[in-house]
Amino acid sequence: MGNRSGVLELAVLGLLHEAPMHGYELRKRVNAQFGWGRVLSFGSLYPCLKAMLRNGLITADPGTPESGRRPKIVYTITADGKDYFAHAMHEAGPSAWEDDTFGVRFSFFGRTDPATRLRILEGRRARMEERLANFRAAMSRTAERVDAYTLELQRHGLESAEREVRWLNELIDGERRQQRPPDQHHPPTQGDSR
C-alpha cells in the first residue's frame, strides 16, 4: 500500500464506499479531500480504475447521457472491493504512517477499528519524532555553513514536524480516553465509593 497507485486505490475505494461516482467526480473528490490537485491527473486515475475493474473491486456502468453528450461511466464498489478496503484499513504496518499514505488512511479512520487507529497514530508519531531528531541534527551541523534561506527552510521543517507531533499526541490521548472502560473515564469524586 506504500506506493502511489496503492494509495490512490485506497482513496478511490473509500470514496466509492460512500456512493457511486463517475471519473470526473472521483478526481474532484480525491483532489479536494487529499490535496492532490496538481499531482492526480486523469492519466493516473483511469489506469487505476481499469486495474480495479480487472481485479473485481469496482464495476463500471454507463450513466444517463446529458444533452447530446456521451454518458459518463459510473463506478461502484463491489463486495470484493468492500472486503479489500476493510482489510487494507486494518493494516497498521509502517506503510500506514508514511507521508504518502497517512493522510488517506486518516481520512477514513471512521471505518478503522480503535486498536488499529492507535497503532497507526503511534507509528506516525514515532516517524515524526525520528524526523524531528534528523532536523535538529542537520541544523546543528549546518547552521554555520548555510545561507539564511536554507536555515529558514530547515527551521520551517522543524516547526512543521513539532506541530505534527503535538497534534498526534492529542489524537493518541483522545483515542486512549475513548478506549477506557466507562467507569475509568472520570476519576471518582470524594463522595463516590468506587
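Tutor: Arg 136 has a relative accessibility of 44%, so it counts as partly exposed. The model is a predicted one. The side chain of Arg 136 meets that of Glu 162 in a salt bridge, with 3.1 Å from N to O. This pair links distant parts of the chain, since Arg 136 is in helix H6 and Glu 162 in helix H7, 26 residues apart. Glu 162 is also partly exposed, at 25% relative accessibility.

Helix H6, which covers residues 114-142, takes part in another such link: Arg 131 lies in helix H6 and Asp 99 in helix H5 (residues 99-107), so this pair ties together parts that are 32 residues apart in sequence. The closest N and O atoms of Asp 99 and Arg 131 are 2.9 Å apart in their salt bridge. Asp 99 is partly exposed, with a relative accessible area of 43%, and Arg 131 is partly exposed as well, with 27%. Salt bridges with shared partners join Asp 99 and Arg 131 with Arg 124 and Glu 164 into one network.

Helix H7 spans residues 148-179 and also holds Gln 154. Gln 154 has a relative accessible area of 16%; the cut-off for buried is under 20%, so Gln 154 is buried. Apart from neighbours within four places in sequence, Gln 154 is in contact with Phe 135, Ala 138, Met 139, Thr 142 and Val 146.

In the whole structure, a search finds 10 salt bridges.

Terms used
Residues are numbered from 1 along each chain as its sequence is written. This is a predicted model: local features need pLDDT of at least 70, side-chain atom pairs count only at pLDDT 80 or more; totals for chains, interfaces and linings use all residues. Side-chain values use heavy atoms; hydrogens and water are left out. Helices (H or I, at least four residues) and strands (E, at least two) are DSSP runs, numbered from the N terminus. Buried means under 20% relative accessible area, exposed over 50%, partly exposed in between (1.4 Å probe, protein chains only). Contact means heavy atoms within 4.5 Å. A salt bridge is a side-chain nitrogen of Lys or Arg within 4 Å of a carboxyl oxygen of Asp or Glu.
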